[in-house]
Amino acid sequence: MNQNKNILKNKKYLEVSYNSKRAYKGTYPNKLAKKIDKDFFKAPGKILDVGCGNGDFLEAFSNLGYEVCGVDISPDVEERLGNKYSVYNVDIENEVCQFENQFDYVFSKSVIEHTRNPDAFLAFINKALKPGGICVIMAPSWEHTYWGPFYIDHTHVTPFTLPSLMQAMELSDFENINGEYFYQLPFVWKNKVLKIIPYIISKLPIPYSPFYQVPWSGNTFANKMIRFSKEVMLLTVGVKKKNG
């Protein structure tokens, strides 16, 4: 990739792609951080958010008692977030990891699909973790988004299925790898039986924003129900080997 032409290195990318109209966050980052804390991390520690963007998950994990740090390719990340958190402007695919064996946890949501060299991305994460440290990687499920939603963001370049993402993690020297299809609808996290609701919705030909031009806002409850019933995520968990 020609780095000079990488739009992710332009601060305008976050301003356009993650403005409040296109990516209304609400309470979701706090809810997801609580779930990950409870299900995978178990106890607060030192965490690195890879692709921290606007800092939503830095704030969410900080509120849970974690010592947070973030890296992002956006050139103004330190200017935007540096007064509140330890953040660094890093091109993870092309720079040497400066955090060797420093973190108990790594979290990365909706980032790896933007990389042309996901193996370098995962190697960075592995190096940043302490031996025995845990990472959670989330990405769009190609199986559920291949028909169009994957390319809502034109900077998505590497699709993943659940098996391929787990295999990539294994090749990057993670162990005890687990993965699941993940609905971004908090009500289904409490009761797996309720997954039948988004499953049924996903089969209905109902348009939603921003994939379609519709008159209603993407922030309405109905629109979020439709979108996140159809746009399933992958959630994978891996542990850095204690004896590499």
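What covers the buried residues of α7? Here is a friendly walk through the structure, with the reply in point 3.

1. **Before you start.** This is a predicted model, in which local features need pLDDT of at least 70 and side-chain atom pairs count only at pLDDT 80 or more, while totals for chains, interfaces and linings use all residues. Residues are numbered from 1 along each chain as its sequence is written, and side-chain values use heavy atoms, leaving out hydrogens and water. Helices (H or I, at least four residues) and strands (E, at least two) are DSSP runs, numbered from the N terminus.

2. **The sheet.** Start with the seven strands, which form an open sheet with mixed pairing, in the order β3-β2-β1-β4-β5-β7-β6. At the edges stand β3 and β6 (174–182), each with a single partner strand, so one side of each has no neighbour in the sheet. Two strands count as paired if DSSP finds at least two bridges between them. Between β5 and β7, which run antiparallel, there are seven bridges. You can find Ala-139 standing opposite Leu-234 in β7.

3. **Helix α7.** Now for the opening question: the cover over the buried residues of α7 includes α5 (118–128), β5, β6 and β7. Those buried residues are Leu-162, Leu-165, Ala-168 and Met-169. They span an arc of only 130° around the axis, which puts them on the same side of α7; the arc is that of the directions from the helix axis to the C-beta atoms. On the face turned away from this buried side, α7 carries the exposed residues Pro-163, Glu-170 and Leu-171. Buried means under 20% relative accessible area and exposed over 50%, with partly exposed in between (1.4 Å probe, protein chains only). Helix α7 (residues 162–171) lies across β5, β6 and β7, at about 160° to β6. Such angles run from 0 to 180 degrees between N-to-C directions, with axes being lines fitted to C-alpha atoms, for helices over the stretch in contact. Just after α7, Asp-173 takes a positive phi of about 70°.

4. **Helix α3.** This helix lies across β1, β2, β3 and β4, and runs at about 170° to β2. Its buried residues are Phe-57, Leu-58, Ala-60 and Phe-61. Their arc around the axis is only 165°, which puts them on the same side of α3. They pack against α2, β1 (46–50), β2 (67–72), α4, β3 (86–89) and β4; contact here means heavy atoms within 4.5 Å.

5. **The cores.** A nonpolar core is a set of buried Ala, Val, Leu, Ile, Met, Phe, Trp, Tyr and Cys residues joined through side-chain atoms within 4.5 Å. The largest one has 38 residues, and those with the most contacts inside it are Leu-32, Phe-41, Phe-61, Phe-107 and Val-136. Helix α2 gives the most to this core, with six residues. Apart from it lies another core, of 29 residues, including Phe-99, Phe-121, Phe-160 and Leu-162.

6. **Two residues to look up.** Gly-133 lies in strand β5 and is buried, with a relative accessible area of 4%. Gly-133 and Val-106 are 27 residues apart in sequence, yet 8.0 Å apart in space, C-alpha to C-alpha. Ser-209 sits in the loop between α9 (196–202) and α10, and Ser-209 is buried too, with a relative accessible area of 16%. Not counting residues up to four places away in sequence, Ser-209 touches Val-214, Trp-216, Gly-218, Asn-223 and Arg-227.
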